[in-house]
Amino acid sequence: MMIESNNKKKSNSLWNMLSSMKLTLTLLILLAITSIFGTLIPQQQEAMKFAQGLSPGLLRFFELLGLFDLYHSLWFRAIIALLALNLVICSINRLPTTLRLFRAPSRTDRSKPFENLPPERSFLVKGGIEDVGRHVANFLRKRYRGVLIKSTPEKSYLYAERGRYSYFGVYFVHFSILLILMGGIIGSVFGFDAYVNILEGGTVDTVVLRRDMTPMKLGFSVHCEKFSVEYYENGSPKEFRSDLSFHKEGTLPLKGSLLMNQPFTFGGITFYQSSYGSIPSKVHLKIQKEGSDLGELVIEVETGETFSVPGSESQIQVEDAVSNLNGMMGPAALISVKPKEGEEIRFWVFQDIERLSKQYPEAMLQAPRMNPSSFKPYTFFLQNLESRSYTGLQANKDPGVSLVWLGCFIMVAGFFMTFFTSHRKIWVRISKSEEEARISVAGRTNSNPLTLEKELDLVTGQLHKLLDKEGKKI
Amino acid sequence: MINSVILSYTTFVYFASFMLYLIMMVMGKEIMGRVASLLTIGGLIAHTVAIILRWVESYQMGIGHAPLSNWYESLVFFAWAMIFFYVLIEWRIRNRSIGTFASLLALLIMAYASSSSVDSQIQPLIPVLKSNWLITHVITCFVGYAAFGIGFCLSLLYLVKKLDNPKKKNIFIKVIPDSDILDELNYQMIIIGFILLTLGIITGAVWAHSAWGRYWGWDPKETWSFITWLVYAAVLHSRMIRGWQGKRMAIFSMIGFFCVIFTYYGVNFILSGLHSYAT
């Protein structure tokens, strides 16, 4: 028996702790403070550079706590989960009280609200209390539902109320937070977040998942017909636009334009315009052979393509082409020559060779990796790099998002219920005072005392006016 | 551009009303307060006209958009909303003492906006800002910030009022309204600010979802608005704990406003993120 009651006490104290407002405050502040750290420590992709500057011990500590992806770490999620638990338990705890308040019978004859009544809430009118009572009842019925009356020959009480449902506003707000969290969880479990670059004129059927950088089949293919950027006069971008078409086997292709702020959904996957750029594709090369009447040989090749030159059996390939090597050396192509025998030769060829020869020491440009004459007896020149633009798309699926929007809507509705509505109870007492009747107006509210005061002023004023008019008729 | 000229004159008007409110507070001269109020209302009208003119001017330039799209325009709107709230409150509680702080805050914001470090040119909208959500998002956020700003002024006044000592006859403190009124008003401002901040975050999320494909991405601006939201959520909950009203709430509300300022200013200039076009 002893043990049982002890256990009960223990579980009770745990329950009490989880349902305490102090825990709510602690968790809210804790969440705020830990969130601050996430904005100070570089997160995810940006974390690399920062991490290199840390000592090994510190790095291990950061990694252990998941500080490079703080908002997705277990402990950060645990705080949110604890807050959700706290919120649920608080709601359960408060529900009986709320229901009692909501269901509480209206008490018509109460004298307590009339204690310390300010004088302006009371006035005298001509007429008997029955007549006056009828007029007051009619007045109240126009403004409120469920007007109650209790009369004695000496005194008459009228009761009206409004906004009983306001007790539930806070439940809506708290429920909405759970909905939003649920939407977030559904999105991260059943949704995905991916990206893909499509060359102008190109087609893709696979996207790359950001979560683990693995490819994923779309189940259909996306073709980019055109990508364009419009500019303002001052040179800042005006519009990014991708003209796409979506092809699925057995259906007609669907055309769609993608703009910033204007995503396109196909097959349950939504595409967003996220970036753009260009990559070199075709390389224009000029090749001279020393001491030969070959003259100049001009060829156009795609990167990766292999070709050969007259007088040599070597396989030549443009391995790579970049529009600006090392960020300052300008357009360059990496040539790789595989002779029939012997070692492979690889060297860069620059388009801006004249500028470079002025900027850099000659020895550097004579190095085998930089020398356009590394493959004797030929000399390579890069004449031009053709580039193709590509559009960078974000491809997402998030089945939780509608739940999030529903949660947001309920939250705002709940705020209005909580903060701008209140349970207002109004009593009107009519008491006999010789030939006249004394009208007193009083009220009670669960929140927003100022709103109640205004309402009482209004009711008193209008009643006074109405009853004066009725009094004159008699 | 005529709008920036009007706006820089408005700054001087707010400076004048600040001085007059201050004289009223220190010397207890009611007439000074009345003149200050008139000036403030005049400033608000000029301020409103300038914002509308700027809107019209952008259309004349052929790049028409609401004047809520860059750092300068956001500062101007922030100050406008602050003065707007203040005028409402002055009219409601018939007390001018809050004016000293409200006009000072608006003056500082406007002076900073008019300084050479802020570009006041009307710029065309970059693609990401071309959205119907721009107006709703910016208005809800900044009117919310302004409500918190007034809450900050009220908290400051509350703490000053608490220095009251019946022995000393300090006019400065005498003209401040009752601390209960300040507390209640502060609470109301926080409620308004909190609802608007929530709406601002929601509209931002909807916008981000249509522009970037995610409604929440923990970028510094988003995170700091979330931190601000948490702090004010804590303020609202703390009111239900006995002993947390009054002084503690005033301090708490001031901390909340520092978060607002950091969300607005700090994130743009100290941290970097997707919202950097607002700089």
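This is a predicted model: local features need pLDDT of at least 70, side-chain atom pairs count only at pLDDT 80 or more; totals for chains, interfaces and linings use all residues.
Student: Are Arg164(A) and Glu161(A) buried or exposed?
Tutor: Arg164(A) and Glu161(A) form a salt bridge, with 2.4 Å between the closest N and O atoms. A residue under 20% relative accessible area is classed as buried. Arg164(A) and Glu161(A) are both buried.

Student: How many residues apart in sequence are the parts tied together by Arg162(A) and Glu455(A)?
Tutor: The closest N and O atoms of the salt bridge between Arg162(A) and Glu455(A) are 3.7 Å apart. Arg162(A) belongs to strand β3 and Glu455(A) to helix α11, both of chain A, so the parts that the pair ties together are separated in sequence by 293 residues.

Student: Which strands hold Arg346(A) and Glu319(A)?
Tutor: The two side chains, Arg346(A) and Glu319(A), meet in a salt bridge at 2.7 Å, N to O. Arg346(A) is partly exposed at 34% relative accessible area, and Glu319(A) is partly exposed at 31%. The pair ties together parts 27 residues apart in sequence, because Arg346(A) and Glu319(A) lie in strands β15 and β13 of chain A, respectively.

Student: At what angle do the axes of α7(B) and α9(B) cross?
Tutor: Two packed helices are described by the angle between their axes and the distance between the axes. The axes of α7(B) and α9(B) come within 11 Å. On the α7(B) side the contact is made by Asp183(B), Asn186(B), Tyr187(B) and Ile190(B), and on the α9(B) side by Met249(B), Ala250(B) and Ser253(B). The crossing is left-handed, at roughly 35°.

Student: What is the area of the nonpolar surface patch made by Leu58(A), Phe61(A), Leu64(A) and Leu65(A)?
Tutor: Phe61(A), one of the four, is found in helix α4 of chain A. Phe61(A) has 44% relative accessibility and so counts as partly exposed, and patch residues need over 30%. Together with Leu58(A), Leu64(A) and Leu65(A), Phe61(A) makes a nonpolar patch of about 390 Å².

Definitions and conventions:
Residues are numbered from 1 along each chain as its sequence is written. Chains are lettered from A and ligands numbered from 1 in the order in which they are written. Side-chain values use heavy atoms; hydrogens and water are left out. Patches are made of residues with over 30% relative accessible area and no salt bridge: like charges are joined within 9 Å, nonpolar side chains (Val, Leu, Ile, Met, Phe, Trp, Tyr) within 5 Å. Accessible areas come from the Shrake-Rupley method with a 1.4 Å probe; for residues, only the protein chains shown count as cover. A salt bridge is a side-chain nitrogen of Lys or Arg within 4 Å of a carboxyl oxygen of Asp or Glu. Helices (H or I, at least four residues) and strands (E, at least two) are DSSP runs, numbered from the N terminus. Buried means under 20% relative accessible area, exposed over 50%, partly exposed in between (1.4 Å probe, protein chains only). Axes are lines fitted to C-alpha atoms, for helices over the stretch in contact, and angles run from 0 to 180 degrees between N-to-C directions. A crossing is left-handed if the near helix is turned anticlockwise from the far one by less than a right angle, and right-handed if clockwise. Contact means heavy atoms within 4.5 Å.
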